[in-house]
Amino acid sequence: MPDNINWGMITDGVTFQALVEKLIYFQDSKASLYDRKGKDAGIDIRSGDKKTVYQVKYRANNSFKNICTIAKRELDKIKTYKQGTGYEKLCWDGVSRWIIVSNFTISPNDENNWPSIAQDFRKEGLEIEYWNLLKIEAKLDRFPAVKEEYFSGKNRVFLSVIEAEEALKKEAQFQETLSIPYIGQVDAQSSFDVFLLSKEKLILPVLGEGGVGKTRFLLEEARKAAEKGYQVLWANVETMVCSTDWIKAINSSVPTLVIIDEPEDRSLIRRIFEFIRVDKWKAVIALRPAKKTLINEMQSFQASYLAPGIT
């Protein structure tokens, strides 16, 4: 049986979704995220074989009755998506399984209505399943590194992309800029894409003065990387510097991109390079040009691993 887990430590939907994403990545390294704002065709995560769609729902005072209501409502939307002709229909092509993941418990009598809901989904060619808290706990027992990250009570070293965005919105300098539609530089975006596709380049420097848009660029490109199947980890730099075991949070069997925005510690840069040589994940490190000692530390890294910097 899984150890007792304090679900009171997960207090919002953003953190809950990040937890679910991490669990799915650990069991399916080719899964893709659909957490970009705007139309997502009712999909939060899609399995690597493209046959399973996960939808994550966090609700205060949740119940199985509420989950049944959500499932019926989502089925109506899915019918519309599948009958369309554009992007949304394409997202559902080949899908044969729908899983709702939510923060609820269940008693034996609760499932009386589930068979009829399952039958309605089968009419649309979909088998359905739910992950409640008990099922999530069983999966956490399989992946103790994930359990440690979210339930140990320690400050987490890495955030998901959606968590990073929510955290940035609380900072005065980003409150307005993150609400403005993003218009990026084509050359910078192209360089980022080349870096992701490269099998040799593992470190990408992004250099620029404060306020020129480095963080927004990283956020937008991180979303794109997640959609391409990367596990994207946004570093909490201060916690990362203090941690001696942050490497445990990186599942190197999964294509992984770590975003490190303006580190100040030279020894952290050195440790990143040491670990990355062995495990072959990728990192993007944003720095201001004035941080010459850190830039020199990066340039001393094995040249074959270092991508041309973006400025």
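This is a predicted model: local features need pLDDT of at least 70, side-chain atom pairs count only at pLDDT 80 or more; totals for chains, interfaces and linings use all residues.
Residues are numbered from 1 along each chain as its sequence is written, and side-chain values use heavy atoms, with hydrogens and water left out.

**Stop 1: helices 9 and 10**

Helix 10 covers residues 214–227, and its axis comes within 11 Å of that of helix 9 at a crossing angle of roughly 45°. Helices here are DSSP runs of H or I with at least four residues, strands are runs of E with at least two, and both are numbered from the N terminus. Axes are lines fitted to C-alpha atoms, for helices over the stretch in contact, with angles from 0 to 180 degrees between N-to-C directions. Helix 9 is therefore oblique to helix 10; angles under 35 degrees would be roughly parallel, over 145 roughly antiparallel and 65 to 115 roughly perpendicular, with the rest oblique.

Show the side chains of Ala 188, Gln 189, Phe 192, Asp 193 and Leu 196 on helix 9, and of Phe 217, Glu 221, Lys 224 and Ala 225 on helix 10; these make the contact (heavy atoms within 4.5 Å). By class they are five nonpolar, one polar and three charged. Ala, Val, Leu, Ile, Met, Phe, Trp, Tyr, Cys and Pro count as nonpolar, Asp, Glu, Lys and Arg as charged, and the others, Gly among them, as polar.

**Stop 2: helices 1 and 5**

Next, select residues 13–27 (helix 1) and 133–142 (helix 5), whose axes come within 11 Å and cross at roughly 50°. This crossing is left-handed. On helix 1, pick Phe 16, Leu 19, Leu 23 and Gln 27; they meet Ile 136, Lys 139, Leu 140 and Arg 142 of helix 5. The contact holds five nonpolar, one polar and two charged residues.

Stay on helix 1 and select Tyr 25. Tyr 25 is buried at 3% relative accessibility, where buried means under 20% relative accessible area, exposed over 50% and partly exposed in between (1.4 Å probe, protein chains only). Beyond neighbours within four places in sequence, Tyr 25 contacts residues including Ala 226, Tyr 230, Asn 251 and Val 254.

**Stop 3: aromatic rings**

Select Phe 64 and Tyr 130: the ring centres are 5.3 Å apart and the planes are at 70°, so the pair is edge-to-face. Rings of Phe, Tyr and Trp (its six-membered ring) pair if their centres lie within 6.5 Å; planes under 30 degrees apart are stacked, over 60 edge-to-face and the rest tilted. Phe 64 is buried at 2% relative accessible area, and Tyr 130 is buried at 8%.

Then pick out one aromatic cluster, formed by Trp 7, Phe 16, Tyr 58 and Phe 151.

**Stop 4: positive phi**

Go to Lys 50 in the loop between strand 2 (45–46) and strand 3 (52–57). Lys 50 is not a glycine, yet has a positive phi of about 70°. Its relative accessibility of 36% makes Lys 50 partly exposed.

Finish at Glu 262, in the loop between strand 9 (256–261) and helix 12 (266–279). Phi of Glu 262 is also positive, near 55°. Glu 262 counts as partly exposed, at 23% relative accessibility.

Key
A crossing is left-handed if the near helix is turned anticlockwise from the far one by less than a right angle, and right-handed if clockwise.
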